[in-house]
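I opened this entry to note what I looked up in the model, going from the overall fold down to single residues.

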Amino acid sequence: DGKFDLQVASVGRLLSWVEMPLPAGQPDPGPLTVHAVMSGDGGKATLKEARIEGKAIRATATGSFDSTTSVPAFDAVINVEQADLNAYPPADTKQPAPAATPAQRPTGWREEPIDLAFISAGKGKAEVRFASVRYRELMIESGRVEVALADRVLKTTLQEVKLAKGSI
């Protein structure tokens, strides 16, 4: 059981300190605060409340995980009130890759199987509600994503999404 609190006076200075500076000319996103209250009891863990706040982001979350049952279960709700994701990415420090020769270019789909065994190892649901999410030129005004996992089936539902002067 306990609390977690983090206060960053300047995200830009923190990113520079960890050698991932913001691109030249990008404004510092400013301060960032993270707060969480958690509890645990054996194989059960609960995120009673979590909050992230900054000039370009505001989000809350609650959730739980129970590994005491035959199939571990999770439940989570995340509310993103505002997220300007353009404010936070660090500069791309990678050099551009050299052009691939014809022999190096991909020739089709990969044929290795994708291991999805982890789907049978759990059950639960998660809901993400969002408003005012911006990434590059995409602006999502509002929406909701629900994910449910049961009996080895993962179902994802996108609902009430408003973007690009329209809706889905």
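I count as a strand a DSSP run of E with at least two residues, numbered from the N terminus. On that basis I place Glu127 in strand β6, residues 123–135. I keep in mind that this is a predicted model.

**Entry 1: overall make-up.** I looked up the elements first. The protein has nine strands and one helix. Read from the N terminus, I get the order β-α-β-β-β-β-β-β-β-β. I then checked burial. The protein has 168 residues, and 24% of them count as buried. The accessible surface is about 12,300 Å². Carbon and sulfur atoms account for 58% of that surface. I also checked contacts between residues at least 6 apart in sequence: 44% of these join residues at least 24 apart.

**Entry 2: the sheet.** In what order do the nine strands stand in the open sheet? I read β1-β2-β3-β4-β5-β6-β7-β8-β9, with mixed pairing. Strands β1 (2–8) and β9 (166–167) are at the edges. Each has a single partner strand, so one side of each has no neighbour in the sheet.

**Entry 3: β4 and β5.** Strand β4 covers residues 57–66 and strand β5 residues 73–84. They run antiparallel, and ten bridges join them. I found Ser64 opposite Asp75 of β5.

**Entry 4: Glu127.** I went back to β6 for this residue. Is Glu127 buried or exposed? Its relative accessible area is 17%. The cut-off for buried is under 20%. Glu127 therefore counts as buried. What does its side chain meet? I found a polar contact with the side chain of Arg129, at 2.8 Å. I then set aside the neighbours of Glu127 within four places in sequence. The contacts that remain are Ala76, Val77, Ile78, Arg144, Val145 and Glu146. Of these, I note that Ala76, Val77 and Ile78 fall within the 73–84 span of β5.

Entry 5: I followed up Leu14, which sits in helix α1, residues 11–17. The relative accessible area of Leu14 is 36%, so I log Leu14 as partly exposed. A residue joins a patch at over 30% relative accessible area, and Leu14 has 36%.

Key
Residues are numbered from 1 along each chain as its sequence is written. This is a predicted model: local features need pLDDT of at least 70, side-chain atom pairs count only at pLDDT 80 or more; totals for chains, interfaces and linings use all residues. Side-chain values use heavy atoms; hydrogens and water are left out. Helices (H or I, at least four residues) and strands (E, at least two) are DSSP runs, numbered from the N terminus. Buried means under 20% relative accessible area, exposed over 50%, partly exposed in between (1.4 Å probe, protein chains only). Contact means heavy atoms within 4.5 Å. Accessible areas come from the Shrake-Rupley method with a 1.4 Å probe; for residues, only the protein chains shown count as cover. Two strands pair if DSSP finds at least two bridges between them. A polar contact is a pair of N or O atoms within 3.5 Å; within protein, one must be able to donate a hydrogen and the other to accept it, and residues adjacent in sequence count only if both atoms are side-chain atoms.
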